[in-house]
Each structure stands twice: as structure tokens, then as C-alpha cells.
Amino acid sequence: MDYYQLTIDRKSTRDFKEKDVPEKLLEQIKEYYGVCKRLVPEIKTELKLIDPDNSPMMNGCVGYKDYLIQAPCYLLILSEDKEHYLENAGFMGEDMVLKLTDLGLDSCWLTVNDSAKLADRLNIKDGLVPAALVAFGYEKAEADVSPRLDIINPSNVNLKARTGYVAPKLYVEDSIYSEDMGISGNPEILHAYTDLYKGLISACCAPSFLNRQPYRFIIKGGKLILVSLPDAETGENDAALNIGIVMLNFCRTLTERSGVYGNWILGTPDCDLDLPEGGKVAAYFNI
Ligand SMILES: Cc1cc2nc3c(=O)[nH]c(=O)nc-3n(C[C@H](O)[C@H](O)[C@H](O)COP(=O)(O)O)c2cc1C
């Protein structure tokens, strides 16, 4: 998969055709789940596909304001409830979303507002909990791309509008809170670090709850540090999913472009950091 291109091409779709996803593609999706990228591989997870016959059971417990987007299929990741399980589910879920994009399918993440109710309705057992939910299928050709009220952009940053896309995104330069590579004084330098730059572009294209993108990066001592920002709109679970999603986008593009395998380290690096107000280090990556 060309992750860089896929992260740029992907966008949320909320208007799906009433066209089934062919069985052959569903098989490919199930198969891919077995090898999709994991952040914490020790955490046991399971994939559940939900069709329109069963989707009404999700009414009233998922989606913005409990509004369930109608789609021909839904992908639900069930997980053990262990430390970082939601970051892991976000990471895996986004890898699945990019696979769907690669297969020519459109998708939209859906928030889980009441995980216990959803588990009960879907009769989920074996100590697993619903962790990540994505609607998918084929976008209606005439889908509306006018700005939507359910996308709330932060007011204090510049966002890049993208042709044909509803949601504008953080500029790479604005996503970096501080750095020690001389980029702030000379932003052109960033372009010389092609792989890092592309990884950051993928990170900035990541989907997030209400498109808030409540995270920033610090580059220090050869490390890219991911800082999660407080956000009044985003709940704890969606914040953790956001973090997993942005980590997947960055690390897959960087790894694929540089050919050097790397992964995020969940924790704080051993150095002094000047964090933005209320910011918390989520993870770091040796670059
Ligand atoms: C954790 C999470 C939960 C989301 N929940 C919903 C949702 O319930 N309903 C919805 O329409 N979009 C939902 N979205 C999609 C975001 O609104 C969308 O990613 C964001 O507006 C950016 O647009 P883009 O995906 O086109 O880049 C969610 C996204 C994330 C990451």
C-alpha cells in the first residue's frame, strides 16, 4: 500500500450508496485484519463486521449526537480493556481505513458514546469491549461536500483547505510546537528532510474527532514527540483513538518512505520539554 498517497486521498464519507460491499472484498478485509498494524500487539482484539440487518442495534449509542450514519457495512474492533487499548484500536482502525481506501471503498469513523450499551446490544462477550467503529461502503456520487456543522475547527491555528475535501487540516509547520532542527527560522529546511516531512503531512491529514486535531509535535534530540492537547469537545476515549490514528499515519509513511523500520514508544523521553499549556506527552519516535 502506498501509505503516503492513501493518507492524502482518504476523507470521511457520510452519504453511502445502497450498494453492498461484494463478498470478495469483505473476505479481503477480514484477511487483512489478521496482519494489520498493531501498536501494542499483546492486546487481544477481534474484528466484527456489522451489516444493515444488525446495524439498528447501534442506534442511540454511536455517532455524533447519537446519529448513526447509514452504511452497507460497519467494522467494529473489539478489544481487551488493557492500558493503551484505545490507542491500539485507533492505530489498527486507521490501518483498516487505509486498506478500505486502497480497496476503493469510502469510510467514516464513528464515535462510540455508550460502550457498555453497545456491548450489551451486540451481545459481545469473552471479556472484550467495543473499541473502534468505522462505517464503510461506496460514496454517493452526488455527495454534498459543503462545510458541515459537525466539524468544529480550532480557532487559533491556520488550517489548509484541500480541494474537493470538506475538512481543512493543520499545516505541517503549525503542527510543530517547538523543534531543535532550525526549522522555525528557516521552514524550507523541512523540505530537505523528505521522509520526515512526508510523515508529518500524513499525520496532519489524519482524521480526528470533530476534526479538532488536538495534538502537536515537538522535535528534540533526534526524537519526534507527540503531545496530546486538552480539548473541551473531545472525550477521553476519542482523544485516545485520535492519538492512535495520528501515530499510524506518521509511522507508516515514514517507515515506508525511509525503508527503516521504526515504531512509537508509548511514554515520555528522558529530556526536559517545554510543553504547551495542558499538553501531555503521548509517545515519541526516534527519527
Ligand atoms: C475518533 C473519531 C470519532 C469520529 N466520530 C464521528 C461520528 O460519530 N460521526 C461523524 O460523522 N464523523 C465522525 N468522525 C469523523 C471526523 O468528523 C472526521 O474525521 C473529521 O471531520 C475530519 O474529516 P476527514 O476525515 O474528511 O479528514 C470521527 C473521527 C474520529 C477520529
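## Helix α8

Let's start with α8, a mostly covered helix in which 17 of 23 residues are buried. A residue counts as buried if 20 or more other C-beta atoms lie within 10 Å of its own, as exposed if 12 or fewer do, and as partly exposed in between, with C-beta atoms placed from the backbone. Helices (H or I, at least four residues) and strands (E, at least two) are DSSP runs, numbered from the N terminus. This is a predicted model, in which local features need pLDDT of at least 70 and side-chain atom pairs count only at pLDDT 80 or more, while totals for chains, interfaces and linings use all residues. Residues are numbered from 1 along each chain as its sequence is written.

From its first C-alpha to its last, α8 reaches 33 Å with its 23 residues, close to the 33 Å expected at 1.5 Å a residue; the expected span is 1.5 Å times one less than the number of residues. G259 follows the helix and has a positive phi, near 75°.

## G244, a glycine within α8

G244 is found in helix α8. With 28 other C-beta atoms within 10 Å, G244 is buried. Leaving aside neighbours within four places in sequence, G244 is in contact with L39, L86, E87, N88, A89, G90, F91 and E94. Two residues are in contact here if their C-beta atoms, placed from the backbone, lie within 7 Å. G244 also pairs across the sequence with G93: the two are 151 residues apart in the chain, yet 8.6 Å apart in space, C-alpha to C-alpha.

The protein is divided into domain 1 (3–137) and domain 2 (159–286), with bounds that come from an automatic or database domain assignment. Taken over C-alpha atoms, the domain centres are separated by 23 Å. Across the boundary, 21 residues of domain 1 are in contact with 23 residues of domain 2.

On the domain 1 side of this contact, α1 (3–9) and α3 (85–102) each supply at least two residues. The largest share, eight residues, comes from α3. By class, this side has 10 nonpolar, six polar and five charged residues. In this scheme Ala, Val, Leu, Ile, Met, Phe, Trp, Tyr, Cys and Pro are nonpolar, Asp, Glu, Lys and Arg are charged, and the others, Gly among them, are polar.

## Around the ligand

Where does the ligand lie relative to domain 1 and domain 2? Both domains give residues to the shell around the ligand, so it lies between them. Of the 23 residues around the ligand, S12, W109, A167, P207 and N211 come nearest; a residue is near a molecule or strand if its C-beta atom, placed from the backbone, lies within 6 Å of it.

The elements giving two or more residues to this shell are β3 (106–110) and α8 (236–258). The largest share, four residues, comes from α8. The shell divides into 13 nonpolar, six polar and four charged residues.

## The nonpolar core

The largest nonpolar core has 74 residues, and V134, L226, V246 and M247 have the most contacts inside it. Such a core is a set of buried Ala, Val, Leu, Ile, Met, Phe, Trp, Tyr and Cys residues joined through C-beta atoms within 7 Å. Helix α8 gives the most to this core, with 11 residues.

Take V134 as an example. Apart from its neighbours within four places in sequence, V134 is in contact with Y74, L75, G93, M96, V97, S107, C108, W109 and L110.

## Helix α7 and its cover

Which residues of helix α7 (residues 194–204) are buried? They are L196, K198, G199, L200, S202, A203 and C204. What covers them includes α1, β6 (169–170), α5 (172–175) and α8.

Most residues other than glycine have a negative phi, and most peptide bonds are trans. Q213 has a positive phi of about 45° although it is not a glycine. Q213 lies in the loop between α7 and β8 (215–220) and is buried, with 28 other C-beta atoms within 10 Å. D66 also has a positive phi, near 60°. D66 is found in the loop between β1 (45–50) and β2 (73–80), and counts as partly exposed because it has 13 C-beta neighbours inside 10 Å.

T13 lies in the loop between α1 and α2 (23–33). T13 is buried, with 21 other C-beta atoms within 10 Å. T13 and I69 are 56 residues apart in sequence and 9.4 Å apart in space, C-alpha to C-alpha.
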